[in-house]
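This briefing covers selected local features of one protein chain, grouped by topic. The sequence and coordinates are shown first.

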Amino acid sequence: MESIDVFAPLASLQWVDRNTIHANDYNPNKVSEENLKLLIQSILTNGWTLPIVVRPDGTIIDGFHRWTVSGREPLLSLLGGKVPVVVVDHHGDESADVCALNVRQEGDGMAFTLCDRAAGRYEVTIPAMGRHNVANALAAYAAATRLGLAPEGVIAGLADFEQTGMRQKVVHAGGMDVIEDCYNANPDSMKAALAMFKEFPCKRRFALLGDMLELGDLSREAHEELGRLAAESDLYCLVTYGEQAKRTAVVAAAKGQKTLHANNYREAADALLNRIQPGDALLVKASRGMALEKALEIFYAEQKDARE
């Protein structure tokens, strides 16, 4: 039985029991099918008529919270035909209402052909890397166009999208590329970032990864799994920082990955400065509380001094 993704309007979440959500899993973004039913019941009870965007690839997402439901029909049954549903897919399924074909990374962003069964085909570029951001773009397009906006205007808006904070911000410094992605981190976003980075064009890949906070009892398992993922991500060198990230380093090293663990920001910056060269790329990612931008401040300052 297939699973589907659902992008539900954030405003509808106010009726969901947050305590129940947080008790279901180590990741507060993942909630049960029962909570999905509560959400949909709330949407219907409060007269919500905005479109819900659906994609058929495994989880149910509204951008901040996740649900899992078995099959599309149960969802449609719950909605009772009272809320518009748009099916999107970023893996090339042309049976979807909106899908992405020929997805590829170009420079600091992604390019793809957007196929809209209601409006035609469009060539799209977004200034954000990774296939997960293609999925986000499709969801935004589907919701906006079904609310009446012109496809051409929505696509132009996607092309002008700007990342905020340190969310996959690409900095060109000293002949190398630094991907600042240290605003937040969880197992899913770490996996997506490493998948993106594996395709990033460069001479050698370095990663500075820190703790993923607030994972509860599954923190150990999540950080060890991150080590396994890192070892499979074509990294030249992995630098870790944080108590939990020590587990990441141990597992990655056991898999043959060249690994260094830093005890402070100075050590993290030095580990990179002593090894990284023009043409290389660096991914920096951790939870916000790890403040890895402090290591980057030292890294940039020392780089600048060396050039002068």
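With a relative accessibility of 10%, Ala-291 falls under the 20% limit and therefore counts as buried. Ala-291 belongs to a predicted model, and its place is in the loop between strand 15 (281-285) and helix 10 (293-307). The phi of Ala-291 is near 50°, a positive value in a residue other than glycine.

**The chain as a whole**

- The chain contains 10 helices and 15 strands.
- Of its 308 residues, 49% count as buried.
- Among contacts between residues at least 6 apart in sequence, 65% join residues at least 24 apart.

- Asn-102 is not a glycine, yet its phi is positive, at about 55°.
- Asn-102 is part of strand 7 (residues 98-106).
- The relative accessible area of Asn-102 is 52%; because this is over 50%, Asn-102 is classed as exposed.

- The buried residues of helix 4 are Asn-133, Val-134, Ala-135, Ala-137, Leu-138, Ala-139, Tyr-141, Ala-142, Ala-144 and Thr-145.
- Gly-148 follows helix 4 and has a positive phi, near 110°.
- The axes of helix 4 and helix 5 (residues 151-159) come within 10 Å and cross at roughly 145°, and this crossing is right-handed.
- On the helix 4 side, the contact involves Ala-137, Ala-140, Tyr-141, Ala-144 and Thr-145; on the helix 5 side, it involves Pro-151, Val-154, Ile-155 and Leu-158.
- By residue class, this contact comprises 8 nonpolar residues, 1 polar residue and no charged residues.

**Helix 7 and its surroundings**

- Helix 7 (residues 219-231) has 13 residues and reaches 19 Å from its first C-alpha to its last, close to the 18 Å expected at 1.5 Å a residue.
- Buried in helix 7 are Ser-219, Ala-222, His-223, Leu-226, Gly-227, Leu-229 and Ala-230.
- Seen down the axis of helix 7, these buried residues fall within an arc of 165°, so they line one face of the helix.
- An α-helix has 3.6 residues a turn, so residues three or four places apart point the same way.
- The cover over the buried residues of helix 7 includes helix 6 (187-198), strand 12 (205-210), strand 13 (237-241) and helix 8 (245-254).

**Gln-257, a buried loop residue**

- Gln-257 is found in the loop between helix 8 and strand 14 (259-262).
- At a relative accessible area of 9%, Gln-257 is buried.
- Leaving aside residues up to four places away in sequence, Gln-257 touches Ala-230, Ala-231, Leu-235, Tyr-236, Cys-237, Leu-238 and Ala-252.

**Met-166, a buried loop residue**

- Met-166 lies in the loop between helix 5 and strand 10 (169-173).
- The relative accessible area of Met-166 is 17%, which means that Met-166 is buried, the limit being under 20%.
- Met-166 and Val-284 are 118 residues apart in sequence, and their C-alpha atoms are 9.5 Å apart in space.
- Not counting residues up to four places away in sequence, Met-166 touches Glu-180, Asp-181, Cys-182, Tyr-183, Arg-288 and Glu-293.

Note on methods:
Residues are numbered from 1 along each chain as its sequence is written. This is a predicted model: local features need pLDDT of at least 70, side-chain atom pairs count only at pLDDT 80 or more; totals for chains, interfaces and linings use all residues. Side-chain values use heavy atoms; hydrogens and water are left out. Helices (H or I, at least four residues) and strands (E, at least two) are DSSP runs, numbered from the N terminus. The expected span of a helix is 1.5 Å times one less than its number of residues. Buried means under 20% relative accessible area, exposed over 50%, partly exposed in between (1.4 Å probe, protein chains only). The arc is that of the directions from the helix axis to the C-beta atoms. Contact means heavy atoms within 4.5 Å. Axes are lines fitted to C-alpha atoms, for helices over the stretch in contact, and angles run from 0 to 180 degrees between N-to-C directions. A crossing is left-handed if the near helix is turned anticlockwise from the far one by less than a right angle, and right-handed if clockwise. Ala, Val, Leu, Ile, Met, Phe, Trp, Tyr, Cys and Pro count as nonpolar, Asp, Glu, Lys and Arg as charged, and the others, Gly among them, as polar.
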